Amino acid sequence: MIRFRPALLALALAPAFACAQSTAPADDTGAADPRIDAAATAVQPKVVAWRRDLHQHPELGNQETRTAGVVADHLRALGLEPRTGIGPTGVVAVLKGARPGPRIALRADMDALPVTEATGLPFASTVKSEYRGQPVGVMHACGHDLHVAILMGVAEALAGMREQLAGEVMFVFQPAEEGPPVAGEVAGAKRMLDAGIWDDFTPDAVLGLHVWSRLHAGQIGVRAGPFMASADEWTLTVTGRQTHGSQPWAGVDPITVAAQVLLGAQAIVARQVDITAHPVVLTAGQLQAGTRFNIIPDTATMVGTLRTFDAGVRQDVIDRFRSTAEHFAAASGATATLEVAGNAPATANDPALLQRLRPSLERAAGTGNVVEVPRYTIAEDFSVFANEVPGLYFFVGTTPRGDALDSAPMNHSPLYAPDESALDLGVRALLQATVDFLDGAGA
């Protein structure tokens with residue numbers, strides 16, 4: 001368990017709290033909810049401290065043992081009884097209000113990325129690890145450290161309000177949102193559901209958030225319906241016949257075939273899919289082949305991702321990609337095998353739930369600060385939860401006001417250093433939406 005001495009905590013947070021002051025607005029319907037304002041203000045110093053501690057100690061997917069321990073100890077300190085070791089490092093706990101009422105689940109993802117940090121922050125990560133056989137740095141380059149800290153703060157605030165609450169809240173701290181450590185493995189949200197976290201607790205709704213560099217600090221972004229793409233990890237193996245590099249005609253060159261397939265596959269997106277109606281991204285991120293400059297190898301392997309917003313379009317593109325690869329390979333006397341692992345379906349916000357809780361987000365962020373975002377070809381396995389029950393997922397801006405959004409370091413960048421005021425707004429928004437849902441507001 002991480003314990004902070006009060007004096008040290010005050011010194012450590014003095015600069016942080018100066019840049020993460022309360023963002024509680026007086027919106028066009030009146031003053032901010034006094035319950036939310038008081039609870040969020042009280043917990044804010046702890047939220048900043050948790051975030052900085054987690055940022056300095058990041059862990060890759062399915063390895064979040066320290067993070068899970070920090071979370072579980074905190075939940076126990078709130079009088080809750082967390083379940084740990086779920087899928088394999090997830091943590092869940094249920095808070096019961098004083099009166100019967102609806103059920104809601106709140107989710108935060110815990111894993112970091114195989115990225116070497118370059119922010120220069122005083123609490124920057126220096127952690128090293130291994131990812132799929134390669135030595136890597138480890139960094140919370142996507143902001144999941146903020147997500148965990150925010151939900152820990154919301155849990156503490158709600159625990160302090162339990163005598164005023166009707167219903168139940170499940171806190172879900174999820175591992176491996178960034179995908180399984182090994183391609184094709186079941187991980188993240190699906191693995192937690194498969195482990196039965198909702199067998200005895202079926203929520204009426206599930207909420208989540210993500211910090212986002214393409215919005216300014218103080219802004220919240222939402223969109224009804226599908227707004228984040230599905231994510232597939234594909235592996236294409238081209239098998240030829242090894243030969244001396246000086247005599248390519250004596251074998252079958254899989255590298256040339258792989259290059260032809262990669263270029264030919266772009267015609268699927270450019271010429272075979274109506275991308276005005278169905279955005280599609282087909283990207284190769286790895287090409288591995290050979291061991292020496294003068295040897296044409298037997299095989300070449302490409303690994304990449306496919307992003308779509310529609311299940312039918314997804315399958316059509318996979319079929320076209322496989323056919324393209326097989327025909328290019330056959331033309332050269334090679335073979336091609338395509339394997340596709342679905343990491344996450346498309347994420348869609350339930351329109352009715354968004355309409356009901358948008359006023360809660362506006363109350364937290366203030367007039368004009370809740371904006372509609374475009375569809376993004378990033379992906380989130382929050383969609384697995386939201387395909388089971390109505391879901392609402394929103395973005396919290398992290399780029400300082402005045403900074404250009406298009407040049408700010410993006411999530412997954414080694415330079416991503418979010419404005420910590422997003423912690424306060426994240427707590428207030430998630431807390432307000434949860435309390436309003438339990439109170440039956442807008443129902």
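1. What volume does the second largest cavity have? The second largest cavity has a volume of about 30 Å³, in a count of two cavities of 30 Å³ or more. A cavity here is a set of points on a 1 Å grid, over the protein atoms alone, where a 1.4 Å probe fits but cannot get out; points are joined across faces, edges and corners, and the volume is the space filled by probe spheres set on them.

2. This is a predicted model, in which local features need pLDDT of at least 70 and side-chain atom pairs count only at pLDDT 80 or more, while totals for chains, interfaces and linings use all residues. Residues are numbered from 1 along each chain as its sequence is written, and side-chain values use heavy atoms, with hydrogens and water left out.

3. Trp234, Leu282, Leu306, Val317, Ile318, Phe321, Leu338 and Val340 line the second largest cavity, lining residues being those with an atom within 4 Å of a point. Helix H7 (311-332) and strand E15 (335-344) each give two or more residues to this lining, and H7 has the largest share, with three residues. Helices (H or I, at least four residues) and strands (E, at least two) are DSSP runs, numbered from the N terminus.

4. The axes of helix H6 (residues 254-272) and H7 come within 9 Å and cross at roughly 145°, where axes are lines fitted to C-alpha atoms over the stretch in contact and angles run from 0 to 180 degrees between N-to-C directions.

Definitions and conventions:
On a 1 Å grid over the protein atoms alone, a cavity is a set of points where a 1.4 Å probe fits but cannot get out, and a pocket is an open set with protein on both sides within 12 Å along at least five of seven lines; lining residues have an atom within 4 Å of a point.
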